[in-house]
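Open the structure in your viewer and keep the selection tool at hand. Each stop below says what to select and what to look for there.

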Amino acid sequence: MSEEKLVAVQVADIGNQLPKHVSPSQLSSFDRCSLAYWFSSVAGWREPSGLPQIIGTLVHDVLENFLKIKAENRTKEVAWNLLRDTGEVVIEHNKSWLKEEDLITLKDKSAESLKGYFDLEDPTQLKIDLEDLERPVTAIFESVKLYGRLDRMTREGVVRITDYKTSKRPAPQYLTDSLRQVMLYAAGLKENGLDVGEVELIYLPGRDRVRRPTYKSALDRAVQHLVTTRRKMDSSLEKETWMANPGNACKSCAFIKACPAKTPKTPMPGTAESESLLATLNVEKRVRSNASNPNAGMEMLPFEVPEL
Ligand code: SF4
């Protein structure tokens, strides 16, 4: 967070508590803007998934199910069929708001990620236990409870945690957050007696791979970040004051109209007025509606994926 831009925003006490567990994605959300974190993780207003999240979930689901298949049967054709079948379900779930251009983006980006996957590794050579796909990780550090799920872990030669990304590889200064997330998982597994030797980020569309050994100071830093961030959350809750971080994150923030740092004269978050305003923003619903033409863009169905 850029300190000079932060704006302290007072919220009303609505009796909400912090989530019992902290996940790596919650830490990132808090770091990005702690007021947005308050709206979503404390006050309980859920932002609907946007197109990038939907594409990410689709590709993760496809890869998870693909790697459950016997190694010798992990062909491109099987992966393509999985993408098409899962993609059709995703489109059906979201057809009330997906526009024609969204469908093109969804189709192109998910196919590009899958093509990138095949360029990066030969899945018929990958040995993986089913329990190491979407494996839950729980641990307690200084009374802070960590909970999250790994994309995958492999144990051939070195125990390696892998996290898939459906975005391009970011500039080096932005890699820190992603690496810290996987280091935190490695620290959590170490607490459970399993030593992870390496962490890996795979940026699928750019065919980019980042690997780092799990050295002690990196694990310690990740744990320290978990603990200090949770302490900051506790303090914000107690003081009923959360730091807004006006900037790039606002462009895609569902709470902007209820955010005092961005919208002047908006009611104090947590008051009945603010809650009523949020209700009009419809942020709790994940499925959005397109009242004028609910079938707009659906002529693209069925979901077709370009040849891999
Ligand atoms: S609009 Fe910007 S400052 Fe306000 S909550 Fe959202 S991300 Fe934070």
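At roughly what angle do the axes of H1 and helix H2 cross? Select residues 34-42 for helix H2 and show H1 with it; the axes cross at roughly 130° and come within 5 Å. That angle makes H1 oblique to H2. Now show the side chains at this contact: Gln 26, Ser 29, Phe 30 and Arg 32 on the H1 side meet Ser 34, Tyr 37 and Ser 41 on the H2 side. Sorted by class, the residues of this contact are two nonpolar, four polar and one charged.

Before going further, note that this is a predicted model. Colour the protein by pLDDT: the average is 89, and 90% of the residues score at least 70. Then select residues 285-308, where pLDDT stays under 50. For this stretch the model has 56 contacts beyond four places in sequence.

**Helix H1 against helix H7**

From H1, select Gln 26, Leu 27, Phe 30 and Asp 31; from H7, select His 225, Leu 226, Thr 229, Lys 232, Met 233 and Ser 236, which they meet. This contact has four nonpolar, four polar and two charged residues.

**Helix H6 against helix H7**

Stay on H7 and select helix H6 (residues 172-191). Here the axes come within 8 Å and cross at roughly 95°. Angles from 65 to 115 degrees count as roughly perpendicular, so H6 and H7 are roughly perpendicular to each other. In H6, pick out Arg 180, Met 183, Leu 184, Ala 186, Ala 187 and Lys 190. They meet Ala 218, Leu 219, Ala 222, Val 223, His 225 and Leu 226 in H7. By class, the contact of H6 with H7 has nine nonpolar, one polar and two charged residues.

His 225 and Leu 226 belong to the H7 side of the contact with H1, and also to the H7 side of the contact with H6.

Select Thr 86, which lies in helix H4 (residues 76-94). Which residues does Thr 86 contact, leaving aside its neighbours within four places in sequence? They are Leu 58, Asp 61 and Val 62. Next, draw a distance from the C-alpha of Thr 86 to the C-alpha of Leu 98: the two are 16 Å apart in space and 12 residues apart in sequence.

**The ligand**

Finally, select the ligand and show what surrounds it: Cys 33, Ala 36, Ala 244, Asn 245, Pro 246, Cys 250, Cys 253, Ile 256, Cys 259 and Lys 262. This shell divides into eight nonpolar residues, one polar and one charged.

Definitions and conventions: Residues numbered from 1 in each chain as written. Predicted model: local features only at pLDDT ≥ 70, side-chain atom pairs only at ≥ 80, totals over all residues. Heavy atoms only, no water. Near = heavy atom within 4 Å. Nonpolar A, V, L, I, M, F, W, Y, C, P; charged D, E, K, R; others polar. Contact = heavy atoms within 4.5 Å. Helix = DSSP H or I, 4+ residues; strand = E, 2+ residues; numbered from the N terminus. pLDDT = per-residue confidence, 0-100. Axes fitted to C-alpha atoms, helices over the stretch in contact; angles between N-to-C directions. Parallel < 35°, antiparallel > 145°, perpendicular 65-115°, else oblique.
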